[in-house]
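Trainee: I have a new structure open and I would like to learn how to read it. Could you walk me through it?

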Amino acid sequence: MKKELNLPEIVANNLIYYRKAYGYTQIQLAEKFNYSDKTISKWERGESFPDIFVLKTLADFYGITINDFFREKPKKYYPPVTKKRLLIVLLSVGLVWLVASIIYAFLMIFSNGQLSDSWLVFIFATIPTFIICLVFANLYKQRFWSFISVSGLMWCAATSIYIPWVMYAPSTYLFLIFIIVVPLQVLAFLWFLLKWSFKSFTAKLLQNMKKRKEASKVETSKTDSNNQSEE
């Protein structure tokens, strides 16, 4: 039987969902709005309820409406900061392909259409495209997209060597260049898994340390209370 959620639980779940989707920790959100992380934690555990003014402030920050906090099932959310970052990446990649298009057009114009291999410019343009994606992925700390960018860069680099070489100097064994990429791809995947596992381990370790610290504070508070009562 499906558990019925009450209003505080629904709001708490949505507060957690939008905070994590935005990429903020409880401490970062607390610092942003001059609250303590304990207050944020209580809201997200449903132990206390933020007033309507706080909800309005949070809704404006996340780019949603107050009603979104009261949805039992939150709608798909894309943070404004993510949209802005995506736009920057797309504009940067678009500039690469604009330059490639200009070069292609000039080559065709000045050769009067005789330079039939001008289309190779677009093959070579894939390399700076994935380099840009890799730079932004690392800048925005997106490990998954960093892995995708590295993978794309390796295969596009191999393709950019293979196609012109086959066209101008055919070789029976040239396909072996892709064999070199295979172990590199495996190493990139293992490196991605290693970093992802390390992050998960670190997050759990910090969470356990925080719980122990809070438990120690509670224990200390109880001890001080008992000592005061004995006095």
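Predicted model: local features only at pLDDT ≥ 70, side-chain atom pairs only at ≥ 80, totals over all residues.

Trainee: Which element gives the largest share of the nonpolar patch?

Mentor: Helix 8, residues 176-230, supplies eight residues of the patch. L184 is found in this helix.

Trainee: Is L184 buried, exposed or partly exposed, and why?

Mentor: Look at the relative accessibility. Buried means under 20% and exposed means over 50%. L184 has 40%, so L184 counts as partly exposed.

Trainee: How do I get an overview of the chain?

Mentor: The chain has eight helices and zero strands, giving the pattern α-α-α-α-α-α-α-α along the sequence. Next, look at burial: of the 231 residues in the chain, 27% are buried. The accessible surface is about 16,300 Å², and carbon and sulfur atoms account for 66% of that.

Trainee: How should I think about the inside?

Mentor: In soluble globular proteins, nonpolar side chains tend to be buried together. Here the largest nonpolar core has 19 residues, and L15, L29, L58, Y62, I64 and F69 touch the most other members. Two or more residues come from each of helix 1 (7-22), helix 2 (26-32), helix 3 (37-45) and helix 4 (52-62). Helix 4 gives the largest share of this core, six residues.

Trainee: What does L29 touch, leaving out residues up to four places away in sequence?

Mentor: L29 touches R19, Y24, I40, L58, F61 and Y62. Another core, of nine residues, lies apart from the largest one, and its members include V93, V96, A100 and F136.

Trainee: What about the length of helix 5?

Mentor: Compare its span with the expected one. Helix 5 has 31 residues and reaches 45 Å from its first C-alpha to its last, close to the 45 Å expected at 1.5 Å a residue. After helix 5 comes N112, with a positive phi near 55°.

Terms used. Residues numbered from 1 in each chain as written. Heavy atoms only, no water. Helix = DSSP H or I, 4+ residues; strand = E, 2+ residues; numbered from the N terminus. Buried < 20%, exposed > 50% of the residue type's maximum accessible area, 1.4 Å probe, protein only. Areas by Shrake-Rupley, 256 points an atom, 1.4 Å probe, with all protein chains shown as cover. Expected span 1.5 Å × (residues − 1). Core = buried A, V, L, I, M, F, W, Y, C linked by side-chain atoms within 4.5 Å. Contact = heavy atoms within 4.5 Å.
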